[in-house]
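Me: I'd like to go through the wording used for this model, term by term. Could you help me see what stands behind each label?

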Amino acid sequence: MATTSSLGIGTGVDLNAMLTKIMAAERQPITALNTKIAAATTKLTTFGVLKSVLSGLQTAASTLSNPLKLTALAATSSDATVMTASAAFNASAGSYAVNVTNLATAQKSFSNAQASGTSFGSGSLDFDFSGTTKSVLLNDQASYTLEEVSAKVNGANIGVTATVISGSAGDRLVFTSSSTGATGAFTLSATADPVSGATVSLGNLASFDTATTGLARATAQDANLTVDGVAVTSSTNTIS
């Protein structure tokens with residue numbers, strides 16, 4: 001059987017060349033569009049680089065426009081493992097002796113130990129922050145496990161977090177203030193509904209364990225220090 005390797009054999013017309021030219025002509029708009037896209041991409045890249053350079057120049061110009069920033073000082077600490085220091089741009093030269101009496105701490109309190117598997121009745125846990133009461137409601141079911149009470153406290157976002165620690169003496173709730181300093185101190189009471197379907201009243205969690213030795217309790221307190229003998233107090237461990 002005979003085969004044809006080229007279109008137009010015997011006719012004198014080179015159909016292969018003609019087809020190639022037709023296809024090239026049809027591709028011209030696409031080729032032109034791709035060229036424009038490449039050019040636009042190059043321009044965008046150039047504009048991006050220019051914007052970045054101008055932003056840096058603007059920052060430098062802002063610094064140069066304020067003479068105080070040109071003479072800014074750096075602060076160093078004689079013992080960076082104890083205290084670090086930084087200086088504002090308008091700080092004056094000086095040397096200061098810092099004596100820390102105590103750091104700022106957050107309150108951490110423990111509930112009395114509860115038997116494993118104990119369930120607690122409904123009601124509310126009422127946290128008092130220097131006369132301001134914030135309550136955690138537990139009223140959407142008849143009883144709660146210690147883990148469920150913990151989740152309710154954490155979900156209320158009142159400035160106290162709760163975790164559960166299980167030990168040989170039983171399970172405890174650990175209440176920790178979300179902020180350091182005396183303003184984060186709190187006391188706890190409970191408004192307990194009659195026990196129904198639970199092991200004990202919610203009131204069993206309302207008092208802190210102050211008798212068991214070894215618990216990592218912490219008292220809410222401000223940081224107290226002196227700077228060249230001048231007393232300074234702060235609710236955090238960052239002092240300005």
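**Terms and values**

Reply: Gladly, and let's start with a turn: S8 and S9 form a hairpin with two residues between them, and aspartate 228 in that turn has a positive phi of about 55 degrees. This is a predicted model, where local features need pLDDT of at least 70, side-chain atom pairs count only at pLDDT 80 or more, and totals for chains, interfaces and linings use all residues. Residues are numbered from 1 along each chain as its sequence is written, and side-chain values use heavy atoms, with hydrogens and water left out.

Me: What makes S8 and S9 strands that pair?

Reply: Strands are DSSP runs of E with at least two residues, numbered from the N terminus, and two strands pair if DSSP finds at least two bridges between them. S8 covers residues 223-227 and S9 residues 230-234, with five bridges in the antiparallel sense, so the pair meets the definition. Among the partners, leucine 225 bridges to valine 232 in S9, and valine 227 stands opposite valine 230.

Me: Why are S1 and S9 called edge strands?

Reply: The open sheet has three strands in the order S1-S8-S9, with antiparallel pairing. S1 and S9 each pair on one side only, which makes them the edge strands.

Me: Why does valine 164 count as partly exposed?

Reply: Its relative accessibility is 28%. Buried means under 20% relative accessible area and exposed over 50%, with partly exposed in between (1.4 Å probe, protein chains only), so valine 164 counts as partly exposed. Valine 164 sits in strand S5, residues 160-167. Leaving aside neighbours within four places in sequence, valine 164 is in contact (heavy atoms within 4.5 Å) with Leu146, Glu147, Ser150, Arg172 and Leu173.

Me: How do you know which residues line the largest pocket, and which lie nearest its centre?

Reply: A pocket is an open set of points on a 1 Å grid over the protein atoms alone, where a 1.4 Å probe fits, with protein on both sides within 12 Å along at least five of seven lines; lining residues have an atom within 4 Å of a point. The largest pocket is lined by 34 residues, with Met83, Thr84, Ala85, Ser86 and Val98 nearest its centre. Strand S1 (98-102) and S8 each supply at least two residues of that lining.

Definitions and conventions: Helices (H or I, at least four residues) and strands (E, at least two) are DSSP runs, numbered from the N terminus.
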